[in-house]
Amino acid sequence: MAEMGSKGVTAGKIASNVQKKLTRAQEKVLQKLGKADETKDEQFEQCVQNFNKQLTEGTRLQKDLRTYLTSVKAMHEASKKLNECLQEVYEPDWPGRDEANKIAENNDLLWMDYHQKLVDQALLTMDTYLGQFPDIKSRIAKRGRKLVDYDSARHHYESLQTAKKKDEAKIAKAEEELIKAQKVFEEMNVDLQEELPSLWNSRVGFYVNTFQSIAGLEENFHKEMSKLNQNLNDVLVSLEKQHGSNTFTVKAQPSDNAPAKGNKSPSPPDGSPAATPEIRVNHEPEPAGGATPGATLPKSPSQSSLPAVVVETFPATVNGTVEGGSGAGRLDLPPGFMFKVQAQHDYTATDTDELQLKAGDVVLVIPFQNPEEQDEGWLMGVKESDWNQHKELEKCRGVFPENFTERVP
C-alpha cells in the first residue's frame, strides 16, 4: 500500500474510479430502458453536431491540401526533368543556350518557392486550426460522463427522499454529492456552451483565408511561369530563324471518322501507326515514262519534293475465302480465314463479344456470320494463340477495333 501511495495512486482512489464506472454504466442502462430520466440539452447537442461536421470538413480539407502539395511537388520534378532534357539537347553552338539555361534555373526556383509558400501559408495554418479539435473533443466526452454522474446523484437523492424509511444522514450525504456533481458538470457545460458556437463561427473566416491564400499563390505562380515560358519561346524562335531551312514536318493526323461499335468509339494513341493510313515509301527512282499503273501514285505540285508512295494491297476475299491467298483451304486456319493483323496497342474489352488485345497479339480475321451485324471500323477474328490451343471458334472469336491493329503477311 505504501508503495502504491508513493506513486500518487492509492487503493482508495482506484476503488473510487471503479465505483464511478459501475455507477455510470448502471445509470446508462436504466436510461436506455426508460427507468430513469435523462437530462437533455438540445442546444448543446446541436453544437456537438456542428462540431463533428466542422471536424470532418477540416480533416478532409487537410487531406486534400496535402494531396495538392504532393501533386505540386510531382509537377516540379517533372518540369525539372523536362528542362534538364532541353539543356542536354541544346547544343553549345546554338544561339540562346545561356538564356535557356537561366530560364530552366528560374523555373526550378519558382516551383520551389510556390511549394514552400503553400506549406507556410496554407498547410501550417490548416494544422494549427485542426490542432484545437482534439482537446475540445475530449472535453465534450468528459462533459457527457459528468452529466451521467449528475443524473445518477440526482436519482439517488430522489430515491432516498421518497423512501418509506428515511435515513437523514444518508439523505444529507446524497444531497452533498448531488451538489458537487452538479457544480462539476455545470462548470464544464458553461465553458463548452461558449466555446463551441465561437469555434463553429470561426470556420467561415478560416475557409476564406485558406482558399484566398491558395488562389493568390497559384495566380502569382502562373503569372511568373507565363513570363518564363514567353522568354523560352523567344529563345526558341531565335533558334528557329537561324536554322529555318531544316523544317520539321508534322505527320498527318487521322480523320474524324472514328470507327463505332454501338455507342463506343475506341481510338489508339495519336500519331500511332494504327491511326494513320498504311503506306510504303519507295526510294527507287521513277521510270522515265512516269508512274507504273496501279503501283505509284502521281505527284501533285505540292508533293513534288516528297518520295513516291506505294499503296499496299491485300488479297481479295469472296464470302470469307481468300482469293489467291496462302491461307485459302488450309486446315490449320479457322474456316473463312481472310488475313492476319497484329495489335499495335493494348485494347481492353468492354463487352463479352470483344477480344482483349495486348500489343503484339496476332489475330486471324474471319467474316461475320451475319454481315449486317458488322459495324464500320470493327473486325471479327480469333487470336492466333487461342486458335492454336483450342481450335474452337465459338469459344475464341470476338470483335475488335481495326485501327488498333496493322495487317501482317
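**Close-ups of a predicted model**

**View 1. Strands β6 and β7 sit side by side.** Strand β6 (residues 362–366) and strand β7 (residues 378–383) run antiparallel and share 4 bridges. Strands here are DSSP runs of E, at least two residues long, while helices are runs of H or I of at least four, all numbered from the N terminus. To count as paired, two strands need at least two DSSP bridges between them. Look for Val365, which stands opposite Gly381 in β7.

This is a predicted model, where local features need pLDDT of at least 70 and side-chain atom pairs count only at pLDDT 80 or more, though totals for chains, interfaces and linings use all residues. Residues are numbered from 1 along each chain as its sequence is written, and side-chain values use heavy atoms, leaving out hydrogens and water.

**View 2. Zoom out to the sheet of 5 strands.** The order is β8-β7-β6-β5-β9, in an open sheet with antiparallel pairing. At the edges you'll find β8 (398–401) and β9 (405–408), each pairing on one side only.

**View 3. Now follow helix α6 (residues 168–242).** Even so, α6 has a kink of about 25°, centred on Arg203. The bend is the angle between axes fitted to the seven residues ending at a residue and the seven starting there.

Technical notes:
The expected span of a helix is 1.5 Å times one less than its number of residues.
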